Amino acid sequence: METLKTNSNSVEKKLHPASERGHVNFGWLDSHHSFSFGHWYHPEKTNFGALRVLNDDIVEPSMGFGTHPHQDMEIISIPLFGELAHKDSTGTNGIIRTGDVQIMSAGSGIMHSEFNHSSEKKVNFLQVWILPKVKGIEPRYAQKTFSEAGRVNRFQTVVSPIDDEAVWINQDAYFSLATLDPGKDLSYRVHAPGQGIFTFLISGKLKVENTTLERRDAVGLWGADEYKFQAEVKSELLVIEVPMK
């Protein structure tokens with residue numbers, strides 16, 4: 001991991017190469033951690049502002065996470081391929097498919113489970129934890145389906161505290177997905193001063209503020225109002241904007 005500072009515009013960058021992620025493989029679960037999680041701890045990788053966890057999980061057919069508790073955390077699941085079966089103590093019992101974005105506000109306390117819905121195919125999903133803005137709220141669940149066409153060469157907001165088209169989150173945090181064609185330029189403007197963005201490259205190769213990312217690399221940036229992206233090949237990315245304090 002490398003920290004850089006660009007004097008010209010005070011943009012600060014913290015690189016998170018894919019090769020430096022934590023990794024566990026339990027047979028039924030193959031997981032890479034961008035931040036300290038479970039038995040894997042890295043003193044320089046505990047969080048990025050309010051972003052606490054970003055796990056890249058592959059779960060074998062019919063396997064998954066049994067019923068377990070959470071409290072005071074915003075938990076987002078984004079399937080990259082496959083389907084998840086979700087059940088929780090709010091009474092929710094459903095399927096999260098590729099193209100869906102699910103959020104669970106654990107609040108005062110919730111029990112839930114997640115399993116691969118398929119008995120034949122693996123599921124790969126991003127599990128993201130965000131520290132909440134207000135603690136102790138009533139637990140809640142939300143899920144929406146988003147069109148892939150809505151993110152081609154543009155940012156598609158899928159999680160937001162203010163956008164009715166996105167799933168609501170108990171934090172001043174915004175998740176945006178984009179699929180960029182080769183050579184496409186795109187800019188991202190933060191919603192408020194003091195916010196940073198964590199860019200996770202799902203696939204492809206692109207530059208973010210002249211920092212090159214390849215598949216599963218990530219970079220955290222803060223200190224500016226706007227950030228520029230340029231795809232070198234077709235690229236899929238997730239941008240997570242969070243308060244830095």
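User: Leu84 stands opposite Ile96 in E9. What makes strand E8 and E9 a pair?

Analyst: Five bridges join E8 (residues 83–88) to E9, running antiparallel. Two strands pair if DSSP finds at least two bridges between them, so five qualifies. Strands here are DSSP runs of E, at least two residues, numbered from the N terminus. This is a predicted model, where local features need pLDDT of at least 70, side-chain atom pairs count only at pLDDT 80 or more, and totals for chains, interfaces and linings use all residues. Residues are numbered from 1 along each chain as its sequence is written, and side-chain values use heavy atoms, with hydrogens and water left out.

User: Why are E6 and E9 at the edges of their sheet?

Analyst: The open sheet has the order E6-E11-E8-E9, with antiparallel pairing. E6 (64–70) and E9 (93–97) each have a single partner strand, so one side of each lacks a neighbour in the sheet.

User: Why is Met73 called buried?

Analyst: Buried means under 20% relative accessible area, exposed over 50%, and partly exposed in between (1.4 Å probe, protein chains only). Met73 comes out at 12%, so buried it is. Met73 lies in the loop between E6 and strand E7 (74–81).

User: Which residues does Met73 contact beyond four places in sequence?

Analyst: With contact meaning heavy atoms within 4.5 Å, the partners of Met73 include Met104, Trp129, Ile130 and Pro132. Ile130 also touches Leu51, Phe175 and Ile240, among others.

Note on methods: Helices (H or I, at least four residues) and strands (E, at least two) are DSSP runs, numbered from the N terminus.
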